[in-house]
Amino acid sequence: MFLHFFSCINSIRFGLLCLLIPFTFTLQAQHKDWEKKAMMPFWKSKTMLNESVLMVSENEEAPEATLLFKPKKILSVTNAGLDTTYQEGIDWEYKNGKLKLLPGSKCVFMTDKQLYPDSARFPKINGGYVFHTEGTFFHRHQLAVTYKHRKNAWKGVIPQYRGTDLPKTTDKLKNRKKLHLLLFGDSIASGANASGVGNVAPYLPSFGALIASHLQDHYQTGIRFTNTAVGGQNSKWGAETARERVADHHPDLVIIAFGMNDGTGKMDPLKFRENTASIIRQTRDVNPDAEFILVATMLPNPESRFLGTQPQFKQVLDELTGPGIIVTDMTAVHRELLKYKSYQDMTGNNINHPNDFLIRWYAQQIAGTLLPVK
């Protein structure tokens, strides 16, 4: 039997997290070397670096979790901060396709009763409640696993180079001209629950800052990064504020990442498309050369009632593609990940935010569209 002392930080009410971060690389990873490694494409390597898991004890049994790929050899199990290593045979074992904690393990974990409490803010589908909290709680309760696996294990979406569809951006990158990248969206875009935003190790920033840093390193050019995303907002607000939060900044490349809150509010996909088109139009009224990457959002916790029309937004975003406008499908990426991993493995709040691991997927998928295949 596993016993666990459960402590919970005060949660922040959903929708009240408002982050405006007009910075250029002020939130860096704990080590520049780790930030570079964090951007190594998951689908290319035979080594998974720091995959996140939340060890869960069900019915007071040994806490366990499933890895994305079948490991050939587990190289390390650490805390999410990457500064404490746990020992195989003492703290954990890999058995019957599961990572399991051993009696007396120093590894942190949660129980099914903690994840599904008797009362909480958010109802669970089919009864009961889903535990939710903001801040760094889930980050501090997750582990990071590094392991060897077979080549080409990822069967989901792989980003394709789209430089020819973003010709003005590509010209600036290849010819080492200054590029102004702006990220506009909701709390996911603002960096909510990223370790860097929470000021805890390993200090990974928002996916937008990761993209900007990675492109700057790859192309050896100057990139100015501006993040005007605000938590709790949707595309309607985005259209209403596009002039001041996007157009007036005169960006060269805009990443538009709404959809989570729109879907929870069951916004009609046609309205979502209209709002997104309005953001594009207002931006190009000021800068006709502006180009865009539209992001189809990750999914909310499928056990919560936050799932609405989010899965339908990719199709209407595709309808907006054209010269200087492409789409990154994080909906499909997250759906594939959820075939093998629990939602709690990849979340920062257990409802609708990514943790560092899923933030890395965001950054790699988007940046991959601007990096020629080697």
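A search of the whole structure finds 14 aromatic pairs. By pair I mean rings of Phe, Tyr and Trp (its six-membered ring) with centres within 6.5 Å; planes under 30 degrees apart count as stacked, over 60 as edge-to-face and the rest as tilted.

Before the details, the conditions. This is a predicted model, in which local features need pLDDT of at least 70 and side-chain atom pairs count only at pLDDT 80 or more, while totals for chains, interfaces and linings use all residues. Residues are numbered from 1 along each chain as its sequence is written, and side-chain values use heavy atoms, with hydrogens and water left out.

Back to the rings. Phenylalanine 184 and tryptophan 237 have ring centres 5.6 Å apart and planes at 35 degrees, so this pair is tilted. Phenylalanine 184 lies in strand β12 and tryptophan 237 in helix α7, residues 235–245, so the pair ties together parts that are 53 residues apart in sequence. Helices (H or I, at least four residues) and strands (E, at least two) are DSSP runs here, numbered from the N terminus.

Are these two residues buried or exposed? Phenylalanine 184 is buried, at a relative accessible area of 0%, and tryptophan 237 counts as buried at 14%. The cut-offs are under 20% relative accessible area for buried, over 50% for exposed, and partly exposed in between, with a 1.4 Å probe and protein chains only.

Phenylalanine 184 has another ring partner, phenylalanine 258, with the centres 5.1 Å apart and the planes at 90 degrees, so that pair is edge-to-face. Phenylalanine 258 sits in the loop between β14 and α8 (260–264), and phenylalanine 184 in β12, so parts 74 residues apart in sequence are tied together. Phenylalanine 258 is buried, as is phenylalanine 184.

Elsewhere, ring pairs link Phe42, Trp43, Trp154, Phe357 and Trp361 into a cluster. There is also a charge over a ring: the charged end of lysine 124 sits over the ring of tyrosine 116, 5.6 Å from its centre. The criterion is NZ of Lys or CZ of Arg within 6 Å of the ring centre and within 35 degrees of the ring normal.

Next, the sheet. In what order do the 5 strands of the open sheet come? The order is β13-β12-β14-β15-β16, and the pairing is parallel. Two strands pair if DSSP finds at least two bridges between them. The edge strands, each pairing on one side only, are β13 (223–227) and β16 (325–329). On average, neighbouring strands of this sheet are turned by 20 degrees against each other, direction ignored. Axes are lines fitted to C-alpha atoms, for helices over the stretch in contact, and angles run from 0 to 180 degrees between N-to-C directions.

Helix α6 (residues 207–219) packs on the sheet and touches β12 (179–185), β13 and β14 (253–257); its direction makes about 175 degrees with that of β13. Contact here means heavy atoms within 4.5 Å. Helix α11 (residues 330–337) lies across β15 and β16, at about 10 degrees to β16.

Last, the charges. How many salt bridges does the structure hold? There are 12 salt bridges, a salt bridge being a side-chain nitrogen of Lys or Arg within 4 Å of a carboxyl oxygen of Asp or Glu. One of them joins lysine 37 and aspartate 33, at 3.3 Å from N to O. These two are 4 residues apart in helix α1 (residues 32–38), about one helical turn. Lysine 37 is partly exposed at 36%, and aspartate 33 is partly exposed at 46%.

Glutamate 240 is exposed at 53%, whereas lysine 236 is partly exposed at 41%. Salt bridges that share partners also join Glu51, Lys341 and Asp345 into one network.
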